[in-house]
Amino acid sequence: MKALIITILNWGFILPIISQNPYIITKDKTIELYKNLYLSSEIDSIDWNGNVNKCNCSTLKNDIYQKAQNRINFFRLMNGLNEIKINFKFNREAQEAALLIKANNQLTHYPVKSMKCFTESASNGCKKSCLAFTDYKNFPLTSFITEFIWDFGESNYYVGHRRWILYSKLKEFGYGATNNTESLLTVDGVSHDSIALPKFIAYPWKGYVPVNLIFPKWSFSIPEGQEVDFKNTIILMTDESGKSILIEKLKERKNYLDNTIVWTAKGLFTDYEIAYGQNKLEEKGYLNKKIKVQIRNVIVNGDSKNFEYYVEPIKY
């Protein structure tokens, strides 16, 4: 069942507008981080020497772990979040999880003992990780890690994988992969130490965003630890000329990591483009033009708040 499509707003009062972060990442700095952290972490294959028939999960070269860390931190830094580090102690469970889903050609967080290459370590890895089939060769820019940010498909309506990568309490992670699967172990990397947090976490983030990293599902999160109610929240998107952009608000999944609301930017992506993973924003004239996002009537700790920010698609 589709969620309600909201395109207009008619409030009789105005609430204070809250900015996302106390600083703005300039276009030049965005491009620099994109090149140094994102493009430099592109891969078109995984040099995996494991064996499904022997249930040998093997290990990965160190540069893959570094690239995973760089790519994750690119997304986090653009949102004003803390950088996270790979914890090599987590990699074994993540690696065995990647082997298990490859061996059984099935994504599952709850494998059973009858499955090929089942071990307690693999089972733990599946329970604690974001899991995916991937195609490094044909989609080198978006397969590695980025597919978790994209969260393609109707079953990912609440962008759970994205929420893990951008989780405000995340400090460490583990990584595992085969030639066509990957596993990002996050559960053991959560820390509740006090750290500085942005007012909100958005994807796409506020400011300049490489156009190829803008996907149909948009999300807005308020860090965990606050009482947040999105029940009567209204989302508005407008282009640079002030014309409304159609959105479809998706079902909310509550009590899952940071408080998050998700919507599909139907006015930016056609149903066909959404179904087949196409991005034609540049051809449609959105490059270097601001898209305004307004999140109205969010109840935070009992108070109603409005949020507003701009997203500007760019090419480096």
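Is Cys117 buried or exposed? Cys117 is buried, with a relative accessible area of 9% (buried means under 20%, exposed over 50%, partly exposed in between, with a 1.4 Å probe and protein chains only). Keep in mind that this is a predicted model, where local features need pLDDT of at least 70, side-chain atom pairs count only at pLDDT 80 or more, and totals for chains, interfaces and linings use all residues. Residues are numbered from 1 along each chain as its sequence is written, and side-chain values use heavy atoms, leaving out hydrogens and water.

**The disulfide**
- You will find one disulfide here (a pair of cysteine sulfur atoms within 2.5 Å).
- Cys55 is bonded to Cys117, with an S to S distance of 2.2 Å.
- These partners sit 62 residues apart, Cys55 in the loop between helix 1 (27-38) and helix 2, and Cys117 in the loop between helix 3 and helix 4 (helices are DSSP runs of H or I, at least four residues, and strands are E runs of at least two, numbered from the N terminus).
- The torsion about the S-S bond of Cys55 and Cys117 is about -85°, so the disulfide is left-handed.
- Cys55 is partly exposed, at 34% relative accessible area.

- Cys57 is in no disulfide, and the nearest cysteine sulfur, that of Cys117, lies 9.2 Å away.
- Cys57 is buried, at 3% relative accessible area.

**Helix 3**
- Twelve of the 14 residues of helix 3 are buried, including Leu99, Leu100 and Ile101.
- After helix 3 comes Asn105, with a positive phi near 50°.
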